Amino acid sequence: MARPITQTNKRFTIKAFDQTGDRPVEISRPGNMKSHPWSYMELPFDPEYELYNNRMTPASLNNITPDEQYWAVRTDVILRNTGEFPVEISGKDAFKFANYIFTRDINKIKSGRCSYQFACYHDGGMITDGVMLHFLDKLWMAQADGDLFNWYLAHAKDFDVTISDPNVWVSQIQGPKSLDLLDAAIDGSIPKPFNYFDFCKVLIDGEEVIISRTGFSNELGWEIYLQPENDFKKIGDKIWEVGKQFNLKLTGTPVFRARRIEAGLLSAGRDFNKFTTPFDVGLNKFVNMQKGNFVGKQALEKKAKKYIIMGLRVRDGIACLGSKIILNKQCIGNVTSSGWSPYQECGVAIVRLNNNLTEINSPVEVFDYKNNKLNGYICDLPMYDQNAEIVRGIDRKTPKTPNPWFK
């Protein structure tokens, strides 16, 4: 009779059976399925995971619907454990090397600040993006899904640089009550100033952690970087307990889908990819053609600076990913990101057009996943909050009710 063998750690209980009954069983988790240190929070809610940078991030939880997640990040505060992957760039030539890999001038960004960064292939196509933390003597590039690690290694041979995985994990605490939660959770008070895209060290229940004023929601928020020396559960339990007084909600991937589309935040591999240049998707301001040489610079010098990423509002439905966009019986582009906005009470999407700008509010046709025809209207991005006052904490008003676009 086969004997059950159980392996238990802080987060999981794994059972296997020895088929012969007389020899040990090797039990391991695949290397491309790394779990977040705070996944113990998610396990009671029947999570379904997806891989992101070979890390597991929750695609769904049974404690909260996508609409409830949307309203939670817009009116209260949420916690989401991400698959972002911080890679450390250190050594004598760390900043020189980063200037060669990335399109912005790394030397212009001060220590203690974060920056939005992306890397290009030699032909100007985009690899992936992320948030870079600028330390005095090193950099952390917390990247979106994609293989930058091997790209670094392939270009590092002429630089005195070390590329390493610091085994750091990122979680996002976002929403209008997020800074109130932070102030209540840390030992002492929030360092001043703590502006948008700043980062600093704080103590949470005696544990030193790095936090940054960043996130993927375009709402007020911060992110926490858990390092190997941290007591993960001690920190997580403290934030969760303090969060109860602010109606903190644990969420998955859907929490940011509609909100980041409304804000025009582009997703790597969806809204841009190896076939699009930064100019194609409106990221011109993050390319410094005046600095020294960088990967892709010669190709970008020859590329047209055309802006073909726009927004789309859809009446009475959600456009299918990849759907053609039809104007005057001609296909003018495709849907790259799509979702439902509980606030605008309509489908919202990011679209990539074939040519230059189509007139704002142009009526077009798109299709849902059943191939039903839907009416949509090309719009600008962001769809509201044009001056980014919400994410910077200037606009603290929270929407209490929907504001339907199609009335």
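How many bridges join strand 7 to strand 8, and do the two strands run parallel or antiparallel? In this predicted model, in which local features need pLDDT of at least 70 and side-chain atom pairs count only at pLDDT 80 or more, totals for chains, interfaces and linings use all residues. Residues are numbered from 1 along each chain as its sequence is written, and side-chain values use heavy atoms, with hydrogens and water left out.

Strand 7 (residues 114–120) and strand 8 (residues 126–134) are joined by six bridges and run antiparallel; helices (H or I, at least four residues) and strands (E, at least two) are DSSP runs numbered from the N terminus, and two strands are taken to pair if DSSP finds at least two bridges between them. Within this pairing, Gln-117 has Gly-130 of strand 8 as its bridge partner. The two strands form a hairpin with five residues between them, and Gly-124 in the turn has a positive phi of about 95°. Seven of the seven residues of strand 7 are buried, so this strand is largely enclosed by the rest of the structure; buried denotes under 20% relative accessible area, exposed over 50%, and partly exposed the range in between (1.4 Å probe, protein chains only). Both faces of strand 7 are covered, with Cys-114, Tyr-116, Phe-118 and Cys-120 buried on one side and Ser-115, Gln-117 and Ala-119 buried on the other.

The largest nonpolar core has 41 residues, of which Phe-118, Leu-133, Tyr-225 and Leu-283 touch the most other members; such a core is a set of buried Ala, Val, Leu, Ile, Met, Phe, Trp, Tyr and Cys residues joined through side-chain atoms within 4.5 Å. Two or more residues of this core are given by each of strand 7, strand 8, strand 9 (138–143), helix 6 (257–263) and strand 19 (346–353), and the largest share, four residues, comes from strand 7. Leaving aside neighbours within four places in sequence, Leu-283 is in contact (heavy atoms within 4.5 Å) with Tyr-116, Phe-118, Met-126, Leu-266 and Pro-278. A second, separate core of 30 residues includes Leu-182, Ile-186, Val-209 and Trp-222.

An open sheet of six strands has the order 12-13-14-11-5-15, with mixed pairing. Its edge strands, each pairing on one side only, are strand 12 (199–204) and strand 15 (248–250), and the twist averages 30° from one strand to the next. Strand 12 is joined to strand 13 (residues 207–212) by six bridges in an antiparallel arrangement, in which Glu-208 of strand 13 is the bridge partner of Leu-203. Helix 4 (residues 178–185) lies across strands 5, 11, 12, 13, 14 and 15 and runs at about 45° to strand 14 (221–226), where axes are lines fitted to C-alpha atoms, for helices over the stretch in contact, and angles run from 0 to 180 degrees between N-to-C directions.

The buried residues of helix 5 are Ile-235, Gly-236, Ile-239, Val-242 and Gly-243. Seen down the helix axis, these residues fall within an arc of 140° (that of the directions from the axis to the C-beta atoms), so they line one face of helix 5. Their cover includes strand 5, helix 4, strand 12, strand 13, strand 14 and strand 15.

Asp-137, in the loop between strand 8 and strand 9, is exposed, with a relative accessible area of 56%. Not counting residues up to four places away in sequence, Asp-137 touches Ser-90 and Phe-95.
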